[in-house]
Amino acid sequence: MNPFTYARPTGIDEAVSLFTPDSRYIAGGTNLLDLMKENVTHPEQLIDITRLPLKDIEETTDGGLRIGALVSNSDLAWDARIEQHYPLLSKAILAGASPQLRNMATTGGNLLQRTRCYYFYDADTPCNKREPGSGCPARDGLNRIHAILGHSEQCIAVHPSDMCVGLAALDATVIVKGRDGERRIAFADFHRLPGNEPERDNTLADGELVTAVELPAENFSTHCAYLKIRDRQSYAFALVSVAAALQLDGGVIRNVRVALGGVAHKPWRNPEAEALLVGRPADKAAFGELADALLAGAIGFNDNQFKIELARRAIVRALSDAVEGAV
Amino acid sequence: MTVKTSPVGKPLDRVDGPMKVQGQAKYAGEFPLPGLLYGHIVNSTIARGRILHIDTRAAEAVPGIEAVLTHENRPPIASYDKPYEDDDAADGSPFRPLFNDRILYNSQPIALVVGESLELARYAASLIKVEYQTEEHATDLLTNLDQMSTAPADLPGPRGDAKQALNNAAVKVEVQYTTPVEHHNPMEPHASTVHYLPDGTLEVYDKTQGVQNCMRYLEDVFDMEGQIRILTPFVGGAFGSGLRPQHQLPLAVMAALKLKRSVRVSFARQQMFTFGYRPRSIQRLTMGASSDGQLQAIYHQAIAQTSRFEDYTEQQVEWSGMLYKCPNVTLDYQLVPLDVYTPLDMRAPGGTIGVYALECAMDELAYAANIDPVELRQKNFTDFNANEGKPYSSKALLECYEQGAERFGWSKRTMAPRSMQDGHQLIGWGMATGMWEAMQMPASAKACIDATGKLIVSSATTDIGTGTYTVMTQIAAEAMGFPMDQVEFKLGDSNMAKAPLQGGSFTVSSVGSAVQKACQELRMKLLDTVQQTPASPFSGKTPDEIDFADGWLFIKDAPEQRVKLTDIAAETGALEVEASVEPGEVRDGYATGTHSAVFVEVKVDEDTGMVKVSRVVSAVAAGRVVNPKTASNQIMGGVVWGVSQALHEETQMDHNLGRFMNHSLAEYHIPVQADIGDIDVIFVEEHDEIVNALGSKGVGEIGIVGVAAAVSNAIFHATGKRVRDLPVTLDKLM
């Protein structure tokens with residue numbers, strides 16, 4: 001860990017004004033401190049935002065919820081409004097990390113956690129995401145936990161979050177604040193694919209601070225499922241995860257959403273394919289078609305070919321489970 | 001019995017439990033010392049080659065950094081192999097840290113940065129620049145099989161004619177299993193705190209399973225005979241990782257000698273992957289049986305990796321020659337040297353791998369012959385060890401099968417795979433036999449009565465969390481006839497009476513026997529002493545006719561005739577006895593072992609392949625159990641690790657880089673609480689007067705052996721799939 005300075009502002013504008021190119025905002029620190037200790041990230045300044053007034057969950061005028069960026073993952077998952085109206089989000093959060101980590105980790109920080117690629121974490125190996133241009137040993141190395149969709153020559157890492165998979169399915173909006181004011185970013189546009197800039201995980205501009213996440217009124221509380229497939233029952237990142245949400249009308253699909261985790265550099269959706277299912281019976285044939293569409297163009301590597309078939313099965317299973325209720 | 005109620009055999013709480021839960025038990029990396037400096041190790045980033053240049057200037061320029069040690073400026077160390085050969089060394093040339101510019105494996109220690117704080121040392125270490133001359137490396141066992149040669153192991157020769165018997169066998173299986181590299185990963189990382197004393201001698205708090213092993217190692221490597229004392233009061237798990245001195249120890253000593261200061265060096269978790277491990281292996285088995293399931297022949301070959309500088313061997317194949325009755329057996333063991341560090345004993349070394357393969361093959365044979373897996377094993381039971389040509393001193397394995405099967409409900413099992421489904425969950429029941437040796441080593445112990453009348457017993461063993469403090473206190477209390485609270489057992493100091501390494505499940509057998517003998521002799525000596533008094537009422541009394549209570553020695557039939565123990569101690573000076581015990585000659589005519597029958601239920605999701613071990617029954621025969629509570633803890637820990645071996649553990653190496661990559665506990669998976677279902681431990685008591693005077697065989701290893709096979713066999717029963725490559729991850733079940 002390199003020496004750094006530390007600031008603890010109390011206001012949002014003050015926090016944003018303190019930002020310099022080698023600064024990092026820190027809240028729960030559950031990922032950033034690891035990255036610093038592992039010599040992956042070397043901020044010269046940490047701006048501690050835990051005193052900022054971003055800890056509330058409030059109802060929005062259009063019937064949704066606005067979640068402050070500093071609401072802890074635990075508080076969010078166990079919030080009565082979330083449990084009742086957005087069970088998919090609650091289940092996705094509780095599928096991630098461990099109780100201790102969820103107590104510390106925040107809503108904003110969860111969005112910004114970085115990949116778990118082994119090479120990214122080992123500063124003594126090449127990695128284009130950590131050190132642009134140094135190479136990607138994962139392509140020909142250990143890639144069982146890596147991407148099958150949306151990867152590039154430069155990077156095959158995946159986004160590790162569960163919460164974000166739920167937020168992607170719910171069409172959340174990310175609210176950010178920078179020196180030039182506030183911006184609203186559709187969840188699908190917040191994270192990005194690696195392309196030729198794998199060092200950039202998201203579309204935040206330098207110094208922009210996530211202040212809130214907004215959930216729309218449409219909550220899929222009747223039919224939803226979060227299915228996480230992993231190598232052990234807890235405290236493991238998803239090999240594949242599926243956030244599935246349905247609105248049904250007597251067994252007929254009125255609306256469907258599916259987001260995938262563990263397969264790409266961002267939560268993976270295909271709204272066009274989802275739209276094609278509207279009006280179809282909620283059965284395995286329809287779910288299989290959506291799975292095929294979501295996985296179209298999937299390319300695996302040496303160790304992770306299995307994820308393609310696994311994802312297909314998981315999508316069908318999660319949607320089938322969602323037909324039964326909120327599971 | 002000379003005591004009213006013996007504490008031996010009782011499920012007593014750990015005597016060190018309160019200290020541990022209150023945080024008062026100090027571990028090697030926790031002892032505070034005035035002016036202590038902290039070292040951080042720099043590791044190589046290539047697998048093979050030479051260091052051309054290390055630029056340490058930036059690190060040395062950091063305020064608070066006292067030194068950067070490399071092969072160029074370290075203090076003198078021995079150059080020949082002999083001084084580095086510790087009690088658990090493999091054949092060959094032991095690794096010599098910072099000896100020269102050669103890189104023998106990736107992540108080898110190449111420098112030590114020493115500073116006023118750990119954080120500072122770690123930061124300065126990140127500023128060091130190393131220039132290498134890289135050479136081509138080979139780290140993959142599977143692609144280097146042409147390099148294999150016969151292991152320097154003392155295998156039994158061929159028995160009968162396995163080849164011909166296999167040709168004639170009515171039922172045959174020919175299978176290959178592969179097992180991965182695993183690292184020990186005790187919760188407590190290795191650490192050494194070196195106290196530099198004013199006279200230049202060293203007291204070292206070290207995490208080890210052998211304080212005298214580490215003392216001799218340092219004495220020899222640094223030419224400091226009589227100037228080293230090792231202290232290890234507590235160990236936070238070791239599992240074999242502390243059987244050899246690990247490199248943080250000599251590095252910390254180098255820094256202390258160079259700076260004439262006290263120094264601590266601890267491994268970061270990532271650095272726990274930079275020394276010994278369980279070797280990757282290929283196990284090839286061919287088994288033949290008659291149509292009714294009588295074994296006719298076994299061929300078992302193991303191929304395992306080792307380093308280029310040492311030939312690490314363990315008992316991988318011997319089990320196939322001794323566990324069952326089989327007239328024709330051929331065993332073979334090959335090693336492939338690679339550009340890696342030397343493997344290291346890890347819980348039930350060799351047995352964990354070899355019995356896994358043997359017991360999976362037995363299950364495959366059971367299905368080939370259409371015989372119930374338990375019945376097949378019962379049919380082939382033997383109480384004779386054909387490798388050694390000796391009968392077992394005791395082997396209650398049939399009782400283990402019977403009691404384990406009964407508790408598990410095995411009789412309700414249907415033989416066909418995929419025949420026990422419940423919704424999306426495929427249910428599988430599998431079992432396996434476990435086995436470990438019941439060894440005994442020479443050991444000594446000292447017993448004395450202190451000024452308060454308390455019995456103090458000591459030996460230079462350790463307590464790696466197994467309950468040594470507790471069971472030795474029980475054994476001493478029984479042998480002396482004292483209540484538990486009047487006995488204190490001390491360990492973990494190289495100045496104490498000689499003890500072997502704590503490993504191999506032989507601590508109770510070896511040190512326990514010495515403790516027992518020392519206390520029995522002290523009891524005699526006390527009686528002798530009081531008999532010296534003129535007109536002593538104790539004249540002519542035998543040890544059986546006396547007893548102790550509340551600090552008094554008295555005659556059982558005449559309790560009013562008594563002497564206060566503190567008075568004896570005060571009048572005669574300290575009453576002290578040191579006793580040594582060697583394995584008894586009676587053992588020579590027998591083979592000795594612990595055995596188990598492990599029954600496992602798994603639930604496998606039919607779509608996703610996710611496996612959950614919902615329950616395990618382990619029935620263990622290990623002689624007399626000194627403390628059923630701590631012994632049961634040992635078996636449970638072994639079962640959990642067996643589940644881990646079956647489903648989770650694998651240190652993954654990138655062979656392009658020759659480097660282990662999942663070097664953290666987030667990515668190196670062991671089970672979490674949610675992965676473990678019910679574990680039911682049964683002890684099948686054996687009365688064994690041959691194994692040692694205590695009749696106790698030790699339970700440190702037996703808990704893990706066979707578990708991975710039982711899980712794998714259960715998965716086959718659930719899914720109909722034989723996955724012969726550990727760990728059984730869900731992708732292999734798709």
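This is a predicted model: local features need pLDDT of at least 70, side-chain atom pairs count only at pLDDT 80 or more; totals for chains, interfaces and linings use all residues.
## How the chains are divided

Let's start with the domain layout. Chain A is assigned domain 1 (5–48) and domain 2 (223–324), and the C-alpha centres of these two parts of chain A are 36 Å apart.

Chain B has domain 1 (31–136 + 187–238 + 242–273), domain 2 (281–439 + 588–733) and domain 3 (441–582). Between the C-alpha centres of domain 1 and domain 2 of chain B the distance is 37 Å.

## Where chain B meets chain A

If you plan to look at the interface between the chains, here is what it holds. Chain B brings 36 residues to the contact and chain A brings 33 residues. About 3,100 Å² is buried between chain B and chain A, with carbon and sulfur atoms giving 57% of that area. On the side of chain B, the residues that lose the most area to chain A are B:M610, B:M661 and B:M734, which together make up 17% of what that side buries.

One pairs the side chains of B:R659 and A:D124, at 3.5 Å from N to O. The rule also finds 13 residue pairs in polar contact across the interface of chain B and chain A, both residues being at pLDDT 80 or more. On the chain B side, the elements that give two or more residues are α3 (118–125), β30 (611–621) and β31 (653–654); α3(B) gives the most, with three residues.

## Inside chain B: domain 1 against domain 2

Chain B also has an interface of its own to explore. Domain 1 and domain 2 of chain B bury about 1,800 Å² between them, and 58% of this is on carbon and sulfur atoms. In domain 1 of chain B, the most area is lost to domain 2 by B:Y105, B:N106 and B:F273, together 28% of what that side buries.

Two salt bridges are found across this interface of domain 1 and domain 2 of chain B. In chain B, the side chains of B:R48 and B:D339 form a salt bridge, 3.1 Å from N to O. Eight residue pairs, both at pLDDT 80 or more, are in polar contact between domain 1 and domain 2 of chain B.

## A covered helix

Finally, have a look at helix α11 of chain B, residues 468–480. Its 13 residues reach 18 Å from the first C-alpha to the last, close to the 18 Å expected at 1.5 Å a residue. α11(B) is mostly covered, with 13 of its 13 residues buried. Just after α11(B) comes B:G481, which takes a positive phi of about 85 degrees.

Conventions. Residues are numbered from 1 along each chain as its sequence is written. Chains are lettered from A and ligands numbered from 1 in the order in which they are written. Side-chain values use heavy atoms; hydrogens and water are left out. Helices (H or I, at least four residues) and strands (E, at least two) are DSSP runs, numbered from the N terminus. The expected span of a helix is 1.5 Å times one less than its number of residues. Buried means under 20% relative accessible area, exposed over 50%, partly exposed in between (1.4 Å probe, protein chains only). Domain bounds come from an automatic or database domain assignment. Contact means heavy atoms within 4.5 Å. Buried area is the accessible area (1.4 Å probe) that two parts lose on being put together, summed over both. A salt bridge is a side-chain nitrogen of Lys or Arg within 4 Å of a carboxyl oxygen of Asp or Glu. A polar contact is a pair of N or O atoms within 3.5 Å; within protein, one must be able to donate a hydrogen and the other to accept it, and residues adjacent in sequence count only if both atoms are side-chain atoms.
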